Amino acid sequence: MKKQIGIIGLGKMGYGLALNLKEKGWDVIAYNRTLTKVDEIENEGVRGARSIKELVENLPGPKIIWTMLTAGDATQSTLFGPGGLYDCLSEGDFIIEGGNSRFKQDQENSNKLKVKGINYIDVGVSGGPSGARKGACLMIGGEKKNFDYLEDLFKDLAYENAYKFFEGYGAGHFVKMVHNGIEYGMMQAIAEGFNLIKESDYKLDLVEVADIYNNKSVIESRLIGWLKEGFQKYGVELEAISGSVGALGEGLWTVETAKEKDIPLPIIEGSVKFRNESQSNPSYTGKILSTLRNIFGGHTIDKQ
């Protein structure tokens, strides 16, 4: 496999992936619909393209394209819209969908692409922008032969030993979806607990509480560490932070999938409900959740 790849989507994640691969010796060509992002990454030494067609034409076959876009319309139009990848690629080429597409959509996408013999791989990417830049956790789905062909790519992008293949189209995004559902529940428990600590009769320093929790306790975790960082950055009152919590859909998809299987998920479902209700009922618990999302994922902290 030649170490040449095209990346479509230069948001927080795609930009970091492109620079990560460049440092690993890959010849990267990148495209973004907002061309100022292409200009920016060219200043970092990555080749830019001004269209999908130009990107594809500047790659040798078999072409490897990684899409890192918002799930839904942005991804689907890039794959199948006029002038999209379906029109530009040929038999034997590869599309790696690294956004958070729903696993059922992956199954549909793979079936459509098989008509032209285009290989499809779905990858759930965890670790936020810093992981994309320095080494991510990758959950990879599709066919084993395609994973084997591309394994050096995944090894270069991932943190040491932090990639794993799961057989079946959509399997990677399914594992990542459930990961995000679990993340919702874990974050909710942390936020509720720290809200209780703040409202207690003791005058407790929340930074110090986060620090001791994150020093060999049972609940030591990256999330607790990020909360400590958030308190240090924004102050324990979190005055600048929105108490209404955003959501990108994976938590809800996890709940919906469980209902199809008649499997109860009371903790995850409760955390999804909290985020929905926080839009009209902001709270300090919501501020903690928004802070965590900002620190590890770069999501907005703006008050609603």
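**Pockets, a cavity and aromatic rings**

Me: About how much space lies in the second largest pocket?
Reply: This is a predicted model, in which local features need pLDDT of at least 70 and side-chain atom pairs count only at pLDDT 80 or more, while totals for chains, interfaces and linings use all residues. Residues are numbered from 1 along each chain as its sequence is written, and side-chain values use heavy atoms, with hydrogens and water left out. On a 1 Å grid over the protein atoms alone, a pocket is an open set of points with protein on both sides within 12 Å along at least five of seven lines. Points are joined across faces, edges and corners, and a volume is the space filled by probe spheres set on them, which for the second largest pocket comes to about 160 Å³.

Me: Which helix gives the most to the lining of the second largest pocket?
Reply: The lining, whose residues have an atom within 4 Å of a point, includes Met 186, Phe 194, Tyr 213 and Ile 224. Its residues divide into eight nonpolar (Ala, Val, Leu, Ile, Met, Phe, Trp, Tyr, Cys and Pro), no charged (Asp, Glu, Lys and Arg) and two polar, the others, Gly among them. Helices (H or I, at least four residues) and strands (E, at least two) are DSSP runs numbered from the N terminus, and the helix that gives the most here, with six residues from the run 171–198, is α9.

Me: Which element gives the most to the lining of the largest cavity?
Reply: A cavity is a set of points where a 1.4 Å probe fits but cannot get out, and the structure holds one of 30 Å³ or more, with about 50 Å³ of space in the largest cavity. Among the residues lining the largest cavity are Asn 100, His 173, Glu 250 and Trp 253, and the lining divides into three nonpolar, three polar and three charged residues. Although α9 and α12 (250–260) each supply at least two residues, the element that gives the most, with three, is α9.

Me: How many aromatic pairs are counted?
Reply: A pair of aromatic rings is described by the distance of the centres and the angle of the planes. Rings of Phe, Tyr and Trp (its six-membered ring) pair if their centres lie within 6.5 Å, with planes under 30 degrees apart counted as stacked, over 60 as edge-to-face and the rest as tilted. By this rule the count is ten.

Me: How many residues apart in sequence are the parts tied together by Trp 66 and Phe 154?
Reply: The ring centres of Trp 66 and Phe 154 are 6.4 Å apart and the planes stand at 65°, so the pair is edge-to-face. Because Trp 66 lies in strand β4 (residues 64–67) and Phe 154 in helix α8 (residues 144–157), the separation in sequence of the parts they tie together, counted in residues, is 88.

Me: What is the angle between the planes of Phe 80 and Tyr 86?
Reply: These two rings form a tilted pair, 6.0 Å from centre to centre. Phe 80 is partly exposed at a relative accessible area of 25%, on a scale where buried means under 20%, exposed over 50% and partly exposed in between (1.4 Å probe, protein chains only). Tyr 86 is likewise partly exposed, at 23%, and the angle between the two planes is 45°.
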